[in-house]
Amino acid sequence: MTSPEEFIAAAEAHSAHNYHPLPVVVATAEGAWMTDVAGRRYLDLLAGYSALNFGHGNRRLLNAARTQLERVTLTSRAFHHDRFADFCTQLAELCGMELVLPMNTGAEAVETAIKTARKWGYRVKGVPDGRAKIIVAGGNFHGRTTTIVSFSTDPEARADFGPYTPGFAIVPYGDLAALEAAVDDDTVAVLLEPIQGEAGVLVPPPGYLPGVRALTRNRNVLFIADEIQSGLGRTGRTFACEHEGVVPDVYVLGKALGGGVVPVSAVVSSREVLGLFRPGEHGSTFGGNPLACAVALEVIAILRTGEFQQRAAELGDHLHRELAPLVDGGAVDAVRGRGLWAGVDINPSRGDGRAVSERLLARGVLVKDTHGATIRIAPPLVISKEDLDWGLGRLRGVLGA
Ligand SMILES: *Cc1c(COP(=O)(O)O)cnc(C)c1O
């Protein structure tokens with residue numbers, strides 16, 4: 001196989017069609033750029049849904065991985081290994097928390113957080129057995145397991161996958177009164193994205209997250225922040241919750257924690273909460289493996305410098321300044337976001353999100369549409385201002401703005 005068309009035809013012939021990728025076949029990548037099998041270069045404005053915050057082929061992360069590959073890659077949790085303690089200590093410290101429970105994918109970490117909250121509800125809060133309730137928001141995206149799709153409001157994600165896991169209540173995102181009305185004595189947790197990524201980079205109204213924090217504290221309910229996509233630098237802070245001065249009870253992390261090299265996720269919380277687990281009650285063969293810990297330790301070291309948070313804040317201000325005029329010009333209906341992260345609702349006169357993504361692809365820029373009319377802009381945080389401006393120029397071009 002040599003041409004993109006051949007690769008795509010073979011992929012379509014032999015893989016389940018659970019994705020609808022743009023017609024580009026990537027062969028190599030570095031920094032914010034990807035090169036396809038035909039040698040064409042593309043500016044990556046998606047960054048693997050924020051799994052690639054530190055760029056493709058980041059030298060520090062590759063070196064950390066390479067060094068660890070030569071030492072030991074997997075022990076299972078049947079034995080200790082010499083990167084585990086550092087990883088847990090340093091991740092807990094980065095989060096200002098006490099304990100870490102490592103997993104691999106985001107969905108596994110969300111599942112872990114759900115089990116954690118239920119256990120806390122029964123053992124600490126005193127909820128009668130089998131009655132624990134977790135409140136989530138409409139429009140959420142927390143992953144793809146049967147339990148997680150049980151509380152999705154996206155028909156595509158849910159249909160045909162029942163029977164659904166009970167124990168969840170859904171309230172509108174950003175509506176504090178609705179949340180307050182839904183909390184009862186059996187409520188063990190509120191699970192939220194501090195900014196909803198898949199929904200189109202929805203930022204809740206100011207005061208919402210602090211309101212959730214106060215409500216959950218007053219009602220003895222855990223506040224679980226799913227920062228899998230919003231966390232680790234994307235919004236200009238280590239955590240999106242920080243913009244509102246909020247510290248949740250539980251962080252759920254993933255995506256960028258693996259540096260775009262390996263899947264690494266984790267639940268991070270207090271001793272009171274995560275300290276409840278006993279051997280045999282939860283786990284994962286690959287969770288917390290030496291390679292994952294080595295890469296994540298380097299990610300944590302990079303985040304400690306604050307350099308990428310600052311970059312995301314500064315370039316993010318620039319991005320939003322550049323995008324705002326598109327709304328006034330009529331090409332775009334709305335722009336939302338924070339830091340180097342934007343959801344752009346395309347005016348129907350310019351085509352839907354998929355059409356705009358395909359036109360951008362033809363001009364050397366990679367983005368992904370969501371929910372029909374929206375495209376997401378979330379470049380690797382290593383992107384240069386010049387490259388970002390070049391990409392934005394292409395966007396204006398395809399929108400005729
Ligand atoms: C991507 C994502 C997940 C799921 O992560 P996977 O690694 O794909 O399982 C969960 N929550 C949020 C907010 C996400 O963006």
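Okay, housekeeping. Because the model is predicted, local features need pLDDT of at least 70 and side-chain atom pairs count only at pLDDT 80 or more, while totals for chains, interfaces and linings use all residues. Residues are numbered from 1 along each chain as its sequence is written, and side-chain values use heavy atoms, with hydrogens and water left out.

Let's start with the ligand.

A ligand oxygen is 2.6 Å from an N or O atom in the side chain of Lys 255. A ligand nitrogen is 2.7 Å from an N or O atom in the side chain of Asp 226. And a ligand nitrogen is 3.3 Å from a polar backbone atom of Phe 141. How much of the ligand does the protein bury? The ligand taken alone exposes 380 Å², and the protein buries 81% of that. Those areas come from the Shrake-Rupley method with a 1.4 Å probe, and for residues only the protein chains shown count as cover.

Next stop, Thr 187. Thr 187 sits in strand E7, residues 187-192; helices (H or I, at least four residues) and strands (E, at least two) are DSSP runs, numbered from the N terminus. Is Thr 187 buried or exposed? Buried, at a relative accessible area of 0%, where buried means under 20%, exposed over 50% and partly exposed in between, with a 1.4 Å probe and protein chains only. The Thr 187 side chain makes a polar contact of 2.8 Å with the side chain of Asp 184. Leaving out residues up to four places away in sequence, Thr 187 touches Lys 125, Lys 133, Ile 135, Ala 182, Asn 220 and Val 221, with contact meaning heavy atoms within 4.5 Å.

One of those partners is worth a look. Asn 220 lies in the loop between helix H9 (208-218) and strand E8 (222-226), and it is partly exposed, at 40%. Asn 220 has a positive phi of about 55 degrees, although it is not a glycine. Most residues other than glycine have a negative phi, and most peptide bonds are trans. Asp 160 also has a positive phi, near 75 degrees; it is in the loop between H7 and E6 and exposed, at 77%. Pro 163 lies in the loop between helix H7 (155-158) and strand E6 (168-171), and the peptide bond from Gly 162 to Pro 163 is cis, with omega near 0 degrees.

Now helices. In H3, residues 59-69, the buried ones are Leu 61, Ala 64, Ala 65 and Gln 68. They fall within an arc of 95 degrees seen down the axis, so they line one face of H3; the arc is that of the directions from the helix axis to the C-beta atoms. That buried set packs against helix H11 (290-304). At the start of H3, a side-chain oxygen of Asn 58 reaches to within 3.0 Å of the backbone nitrogen of Arg 60.

Over in H13, Gly 353, Arg 354, Val 356, Ser 357, Leu 360 and Leu 361 are buried. Their arc is only 160 degrees, which puts them on the same side of H13. Among the things they pack against are E12 and helix H14 (385-399).

Last one: Ile 346 belongs to E12, residues 342-346, and is buried at 1%. Its contacts include Val 356 and Leu 399. Ile 346 and Val 356 are ten residues apart in sequence and 8.2 Å apart in space, C-alpha to C-alpha.

Definitions and conventions
Polar contact = N/O pair within 3.5 Å; in protein donor to acceptor, adjacent residues only side chain to side chain.
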